[in-house]
Amino acid sequence: MLSIEEALEKIRGGIEPLPTEEIFVSDALGRVLAEDVIATVSHPPQAVSAMDGYAVRADDVSSFPVTLMQIGEAAAGHKFDGEVGPGECARIFTGGGLPKGADSIVIQEDTDADGSSITIKEAAKPGEWVRPEGLDFAAGKVLLSAGRVMTARDVGLAAAAGATWIRVRRKPRIAILSTGDEIVMPGAPMRADQIVSSNSVALVAYAAVLGAEGTSIGIAEDRPESLRERLKDATGFDILVTSGGASVGDHDLVQSVFGDEGLELGFYKIAMRPGKPLIFGNIGGTYLLGLPGNPVSTGVTSAIFLKAAVESMLGMPSQPLYQAARLGRDLKANGKRLDFMRARLETSDAGLPTATPFDRQDSSMMAAFADADCLVMREIGAPAAKAGEVVKIVLLGTSIIKF
Ligand code: AMP
Ligand code: MG
């Protein structure tokens, strides 16, 4: 059986970044840059005032009070074309361009106005309350580098920098195929021995969180012909994710049927729990990720392996899988597989957060999975652990999208 690191290496090593596409900047949230965003304009494009007040020559107001003659007005978007000479000033508002001759701003609160006679009651240092041209960034500067996931802040920054169209990686298109005679699509009539194919919808959601586009292509029954038939619908997708049928039970057909259809197997089985029967390969140019059917196994393996596959396709640098936390309770020794225990995470005032695994860890328990904030990883053969020990966790709260 493969270790999780070996499996991740095979996935990352075997997948090339997808082609790129151009999108409008306002659609860029959560998209991965395929090219650097370089400023085409400086911000601000000229020296502007940071306050409402008067644009002055610092030399004129080194001693005060002093009365200056207002000769014009500069509001944001309305430049004053005149020049401020000795003994003169110009009314100015936040964002207004600094008029020629002036070099500092006296804020309104430090002045008295009597018609066009402006009495300055406080000294101004040269450059005070002035935002020089390019204070934020200058034209030509690389602001955002290829491989970066666009945050909400980045979207604003790119727009300010003059980028209207942005080159990003195309989103991976993921076909989602559930397998099993017992599962039915949400909303369809059900017998007592059937369950909802929650994976069909959960995987669409997992794909979205990871920055991909998931499409359910339905359910294959546990018959070779049914699987073969459904496989056709995966044509043209970047990844086919199957759920269920990946184990060695009589009804677990994914590997054997797809094998007959030309599956080039990358690996099968990983020494982890949940998620041991996991298939990675390529079938007809579409990557195959065959996940176990238990909903929690599907979720945990998606958070680790589907994430890695999507990141590779998006040309993102691989993200560290683990963070550190303190264990919130004692744990028994671990067995022969890497264990990922569903756990609640609590922050503490200082230091590491505390991760407390739930009592029951059955991989069918979706309610507990939904309650979990993270997975506590236990090494193969780890001895019993005490509360307070430092452990590795996988966060479940990490969407690709940030504020
Ligand atoms: P399998 O991997 O096919 O042996 O399935 C393992 C368990 O997961 C079984 O209890 C299945 O009923 C359940 N399961 C399989 N596919 C789905 C699905 N799409 N949605 C919800 N549960 C599923
Ligand atoms: Mg099954």
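What follows is a short chat about the model shown above.

Q: What should I know before reading any numbers?
A: This is a predicted model: local features need pLDDT of at least 70, side-chain atom pairs count only at pLDDT 80 or more, and totals for chains, interfaces and linings use all residues. Residues are numbered from 1 along each chain as its sequence is written, chains are lettered from A and ligands numbered from 1 in the order in which they are written, and side-chain values use heavy atoms, with hydrogens and water left out.

Q: OK, which domains does the protein chain have?
A: The assignment gives domain 1 (4-17 + 170-313), domain 2 (20-38 + 139-169), domain 3 (48-131) and domain 4 (323-395). Such bounds come from an automatic or database domain assignment.

Q: How far apart are the C-alpha centres of domain 2 and domain 4?
A: They lie 37 Å apart.

Q: Which residues touch the most other members in the largest nonpolar core?
A: Ile4, Leu289, Phe305 and Phe340, out of 45 residues. A nonpolar core is a set of buried Ala, Val, Leu, Ile, Met, Phe, Trp, Tyr and Cys residues joined through side-chain atoms within 4.5 Å. Buried means under 20% relative accessible area, exposed over 50%, and partly exposed in between (1.4 Å probe, protein chains only).

Q: And where does that core lie?
A: Domain 1 and domain 4 both give residues to this core, so it lies between them.

Q: Switching to the ligand. How many residues surround ligand 1?
A: There are 16, each with a heavy atom within 4 Å of the ligand. The closest are Glu182, Ser197, Gly245, Gly293 and Asn294.

Q: Which polar atoms lie by its nitrogen atoms?
A: A polar side-chain atom of Ser178 lies 3.3 Å from a nitrogen atom of ligand 1. For Ser198, a backbone N or O atom is 3.2 Å from a nitrogen atom of the ligand.

Q: Back to Ser197. Buried or exposed?
A: Ser197 is buried, with a relative accessible area of 2%.

Q: What polar contacts does its side chain make?
A: The side chain of Ser197 has one of 3.2 Å with the side chain of Ser178 and one of 2.5 Å with that of Ser200. A polar contact is a pair of N or O atoms within 3.5 Å; within protein, one must be able to donate a hydrogen and the other to accept it, and residues adjacent in sequence count only if both atoms are side-chain atoms.
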